[in-house]
Amino acid sequence: MTKQERNIIEREFYKYKANKREAENYTVCAVAYSNTSPCGERVKTSGSNTTEQHLIRAIDEAERMRAWCMVFEKTLEKFKWEQKDKLMLKRYIEQKSIWRTCEEIGIERRTYYYWLDGILRAAYLWAGELKLI
């Protein structure tokens, strides 16, 4: 995992709540205006219909947001019975500082970075599986 990929994962984790909300709003739109064939492939649209192109872009963006939400949730589920899930919630959902997160969980900074590395590696695998990275 490169530093750039790590930054992408962390940025999407910080945007989890907003992505979740937006993806839910677009779900109705995606169902109502889906342009997919029965086999799941995207149907070609006419090049002149800009409204349709904007709609397709919005649906694709919603699918991307939903996929990142899934990465966060699967990673959180993986560490459910460890304190690492608390680290994820404090850092990315509550957006607490590193110092405050360590203090509230009761770990040292060195442990924080060790755990964070494991969390981001697990998320990287999920993101790779969903073809986000």
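Is Lys20 buried, exposed or partly exposed? Lys20 is partly exposed, because its relative accessible area is 29%, where buried means under 20%, exposed over 50% and partly exposed in between, computed with a 1.4 Å probe and protein chains only. The points below set this residue in its context.

1. Basis of the model. This is a predicted model, in which local features need pLDDT of at least 70 and side-chain atom pairs count only at pLDDT 80 or more, while totals for chains, interfaces and linings use all residues. Residues are numbered from 1 along each chain as its sequence is written, and side-chain values use heavy atoms, with hydrogens and water left out.

2. Overall architecture. The chain holds six helices and zero strands, and its elements run α-α-α-α-α-α from the N terminus on. Helices (H or I, at least four residues) and strands (E, at least two) are DSSP runs, numbered from the N terminus. Of the 133 residues, 32% count as buried. The accessible surface comes to about 8800 Å², with 52% of that belonging to carbon and sulfur atoms; areas come from the Shrake-Rupley method with a 1.4 Å probe, and for residues only the protein chains shown count as cover. Among contacts (heavy atoms within 4.5 Å) between residues at least 6 apart in sequence, 60% join residues at least 24 apart.

3. Packing of helix 1 on helix 6. Two packed helices are described by the angle between their axes and the distance between the axes. The axes of helix 1 (residues 3-14) and helix 6 (residues 109-129) come within 10 Å and cross at roughly 90°. Axes are lines fitted to C-alpha atoms, for helices over the stretch in contact, and angles run from 0 to 180 degrees between N-to-C directions. The two helices, helix 1 and helix 6, are therefore roughly perpendicular to each other; angles of 65 to 115 degrees receive that label, those under 35 count as roughly parallel, those over 145 as roughly antiparallel and the rest as oblique. Helix 1 contributes Glu5, Arg6, Ile9, Glu10 and Phe13 to the contact, and helix 6 contributes Leu116, Asp117, Ile119, Leu120, Ala123 and Tyr124. These residues divide into seven nonpolar, no polar and four charged. In this scheme Ala, Val, Leu, Ile, Met, Phe, Trp, Tyr, Cys and Pro count as nonpolar, Asp, Glu, Lys and Arg as charged, and the others, Gly among them, as polar.

4. Arg6 is partly exposed at a relative accessible area of 22%, and Asp117 is partly exposed at 25%.

5. Arg64 and Glu12 meet through their side chains in a salt bridge (3.2 Å, N to O). Arg64 lies in helix 3 (residues 50-78) and Glu12 in helix 1, so the pair ties together parts that are 52 residues apart in sequence. Arg64 is partly exposed, with a relative accessible area of 26%, whereas Glu12 is buried at 5%. Lys20 forms a salt bridge with Glu73, with the closest N and O atoms 2.8 Å apart. Here Lys20 belongs to helix 2 (residues 16-32) and Glu73 to helix 3, 53 residues apart. Glu73 counts as partly exposed at 30% relative accessibility. Salt bridges that share partners also join Glu12, Lys15, Glu61 and Arg64 into one network.

6. Helix 4 and Thr101. Seven of the ten residues of helix 4 (residues 84-93) are buried, so helix 4 is largely enclosed by the rest of the structure. The buried residues are Lys84, Asp85, Leu87, Met88, Lys90, Arg91 and Tyr92. Thr101, in helix 5 (residues 98-105), is buried with a relative accessible area of 0%. Leaving aside neighbours within four places in sequence, Thr101 is in contact with Leu87, Lys90, Arg91, Lys96 and Tyr112.

7. Backbone points to inspect. Gln95 has a positive phi of about 55° although it is not a glycine. Gln95 lies in the loop between helix 4 and helix 5 and counts as partly exposed at 48% relative accessibility. Lys131, also not a glycine, has a positive phi of about 60°. Lys131 lies in the segment after helix 6 and counts as exposed at 73% relative accessibility.

Technical notes:
A salt bridge is a side-chain nitrogen of Lys or Arg within 4 Å of a carboxyl oxygen of Asp or Glu.
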